[in-house]
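Q: Can you walk me through this one? I'd like to start with the chains.

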Amino acid sequence: MSFTLAGVGLTHANGFTALADVSLAAQRGERIAVIGPSGAGKTTLLRLLGAALRPTAGNISLLAADPWALSASGLRRLRSHIGVVHQAPPLPPRQRVVTAVLAGRLGEWPLWKSIASLIYPADIAGAREALARLDLGERLFDRCDRISGGQLQRVGIARVLYQRPDLILADEPVSALDPALARQAVNVLLRDAEARGATLVASLHAVDLALAGFPRIVGVRDGRIVFDRAAAEVSETMLHELYAAEGSELPTLAREPRQAVAPVDGGAVLTGARCR
Amino acid sequence: MNHTLRRLALKGALLFALAPALAGNLSAQENTLRVSAIPDEAPTELQRKFAPLGKYLEKETGMKVVFTPVSDYAAVVESLATKKLDLAWLGGFTYVQAKIRTQGTTAGTAIPIVQREEDAKFTSKFITADPTIKSFADLKGRSFAFGSPSSTSGHLMPRYFLQQANLSPDRDFRNVAFSGAHDATVAFVAAGKADAGVLNASVWDKLVETKKVDTDKVRVFATTPPYFDYNWTVRGDLDPVIVKKLTDAFLKLDPKNPEHAEIMALQRASKFIPSKKENYDGIEQAAKAAGLLK
Amino acid sequence: MNAGLPLRDPAARGRATALIVALVVLWPLLVVAEFKPAALFDAQNLRVTGNFLAAFLPPEAGREFLGFLARATLETLAIATAGITLALLLAVPLALLTTRVLAVAEIGPGPGQGRAAILHHGLRVLLTVLRGIPELVWALLFVRVFGLGPAAGVLALGLTYGGMLAKVYAEILESGDTKPARAILEAGGGRLQAFLYGLLPGNAQELTSYTVYRWECAVRASVVMGFVGAGGLGQLMDQAMKMLNGGEASTILLAFLALVLAADAFSGLLRRQLAAAGLRHRHAGVGPAGGGVIAALAAVVLASFLFLDLGFAALLTRESAQLIGEFLGAFLTPDLTPVWLGKVAYGMLETLAISAIGTLLAVAAGFACALPASGRLGRYAGQSSRFVLNALRSVPELVWATLTALSVGLGPFAGVLALALHTTGVLGRLFAETLENAPPAPHDALRDAGARPLAVFLYGTLPEIAPQCAAYALYRWEMSIRMAAILGFVGAGGLGQLLYFELSLFHHAQAGTVIAAMLLLSLLADAASARLRRGMAAG
């Protein structure tokens, strides 16, 4: 098992319940898309899986360990095996791209290497390779505030590629990208997970993107899991029900009818017509 | 522009109007003798030492005597020049500075009136707490504490005699400190803040007598040849009648009179003798030789 | 892998050069500042300091001494209050005459423009000189003019702070809405009318707030000036420190800390009240409560002057004016012989070295204290490190220097440590504030990716706060240069030691050169830090 959530809930100190009674488990190497309307609890779910939030109810097991029973250093080691792609890339504006990418392996590197790398980048080739997979190889030595928002988001993805985690958590990883780049970036993540046998959980706003690439879809609304199906089993009715609060249109990469997205490993084929 | 000027003028006028009030009892100054002393010891100590002498002078001159302690040698000199003091206890070097400073001013050249018998053959003591220091030669490369830069017995004369012995403090000592006062020099040396130091013999004797210094630890390793030091100086344009009264009062002090004995003990004087400017020509020359007087 | 793209860091060469240059510059500075940390652990020095600190307990609580202390504390407060009043009287006309907003000439050509320009320029130079010479040096000079008592401190504060207030007043007036004043001037109104009707209403609160803040600084400054004999707590402290009387020193330090913290709190309260009042009623007028406050202030000021019994009247006689003129005139013919200039130049270098090394140490220590102080390492660590920072900050450099001179012996290294200690307090607090305001996302993301705390800080937080912290460090360095110039008064090296020695011996020409050097350093620091700040804002 890559992770197991059993009856997990999270109620904030102010009484707001972000997640309630969530049970979810994934085998090693599974690729799961989490979809649902804004405020459904997708981000909270991912933060629980990243051991960034402690649940207020239920049990959680990540990579065969209970993160909240671990010592501080144990928790740190566990976290170094989990990589998170953030919606807003958490990169200091004055940091150089190469440093931002290399920071992915800080959990693995000894402290001296972390410090030395600030003076001279420890693994330029590695950082370049990760960036090249997202067509950003030439941006290696630029400062983060000198590149566009879309490029910055891909730098965030490159950091996680460089980290090589066993569990990849991607929270709206392509929100700042145009449709073509978004598809490419998601495919890079899917391929990386597949190649290394890592587990990938991505929350996506664009339903078509989720259905096109991910074998397993988890629908979340109001802090609960509404459905958890193979992509092929997800019906349009289920989707409309999920997004009922957001009107009659389903969120997709682009509003206009579009061609099918090439499936990565035999997932459902989503047509533009179906999305209408 | 006009408005601003007027406003400025208004403020000026306000200051003028307030000034007399701020200055305090200006009219009372006629009958007040203002006294101070160079701060070669802690100001509180100076005040304590002066109290009975002040009462005595009040009685002898019929004037109100006010003692103001200061923490700066130069302040005493400037105060004589700007007529803020009538009588001051000065060191030999300070007197030379005061003489030069007041020459040709409206305040008149400062006049030394009396000094202690001891001041005619004054010495300074070189002290250390370090067993390896036995002579001037051992001072090379060590840290050394003078008193105030302006002090005769705590800086000028010792520097002069060191130079006579071919030792230049600026060149040969690792570090030169100015403790500011004789008793502070002893504290510096006793605490090890300086390897050696120098102070006036009179203060050293007093500290030894009153057991304020541990003589097992701090010892004298050299003494300077004698020179003229301290005196009581009056402002050059002070009323000669008052000058006469003051001089007589000091000269009249007699250790056999128990009342006088207390005053003299505090002043560490066996007897007061008349003083004169020429007594300090030697110090002036020494100061020039040591480069302290330009 | 794309061929042709560099696999070497293109910035490496620049970084290496910068590093080498930094080392090449730093090394002589370390030598000049006699940087020898081993002196801190020298057995003898440890014993001296230990004995002195051991004597801190119990603090002296004798009745007579407490009487002295109470009087000195009152005197310090009175000096600060009287000094700031004098500064105000000086600053208001100077600000009105120098601010561009009220310059009729700015409207367009007219008669007398050339003369006005000269006056304007001359006054700005005067302001620079007033500000550029540290108040301690003014005090040292005035102690000689006035001889006895706190008058020297009051005048010194009045002049330095007068220059500072005038500059800041002018800047405040220029930064606000200038249209109303301009309109009055264009309609033929005078400077004063334009100020009272066009500028004062909009800026009164900020002007008052800054003045109150300066009063708080003046309390600290008046303590320091006591070290050169200008009365108050400093004079008492100087004596206790010189005599190594630990019991007295600790009592005075406690009184001093209490005074500074109280002044801090009082000024903070006053300024918050001002801000609140400014929001409450925007319409003009002071109201009955404001009238009461003004009356109370006037009473306090009057009481301060009366308490100090200043002999300013003596200044107003022609004779003493002439004497003072002569005295100050002696400084205007500085000694410019090569030997002396060489000595002064070395003094400047030593001053620069002390300030630079002291500030660098403070930056490092400031970061070390700021991390816990910002609350990142738990509440207990946060509170205790904030307390340490406050204590470090409350004790002025000059007082620290008397202590560090014990720990490492007299000389520039004592000055370095003294500056470092005080500046750590200031920078630590500013750094902690910057840390608290830094975006948490990069930090949290790295923590959640399993990075070690130090690595998290270096990669996630440091790049966010570095520019702000560097700006603070530069600003403090500028202050430190001024301060390093006077630390020598207590034997901690630099220009101050030269000045103290020469002034003690009435070598006015030599002292004049040293004062000119201090002014030069202060101007250089001003210009350099302004340039660096501009550079950083652009980069």
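A: First a term: contact means heavy atoms within 4.5 Å. Chain A and chain B do not touch, and their nearest C-alpha atoms are 41 Å apart.

Q: Which chains have the most contacts, among the two pairs that touch?
A: Chains B and C.

Q: What am I looking at, and how is it numbered?
A: A predicted model: local features need pLDDT of at least 70, side-chain atom pairs count only at pLDDT 80 or more, and totals for chains, interfaces and linings use all residues. Residues are numbered from 1 along each chain as its sequence is written, chains are lettered from A and ligands numbered from 1 in the order written, and side-chain values use heavy atoms, without hydrogens and water.

Q: Now chain A. What is the strand order in the open sheet?
A: β2-β1-β4, three strands with antiparallel pairing. Strands are DSSP runs (E, at least two residues; helices are H or I, at least four), numbered from the N terminus. Two strands pair if DSSP finds at least two bridges between them.

Q: Which strands stand at the edges?
A: β2 (17-26) and β4 (57-62) of chain A. Each has a single partner strand, so one side of each lacks a neighbour in the sheet.

Q: How many bridges between β1 and β2 of chain A?
A: Six, with β1 spanning residues 3-11. A:F3 has A:A26 in β2(A) as its bridge partner.

Q: Switching to chain C. Which residues of α13(C) meet α19(C)?
A: C:W340, C:K343, C:V344, C:G347, C:M348 and C:T351. They meet C:L495, C:L498 and C:E502 in α19(C).
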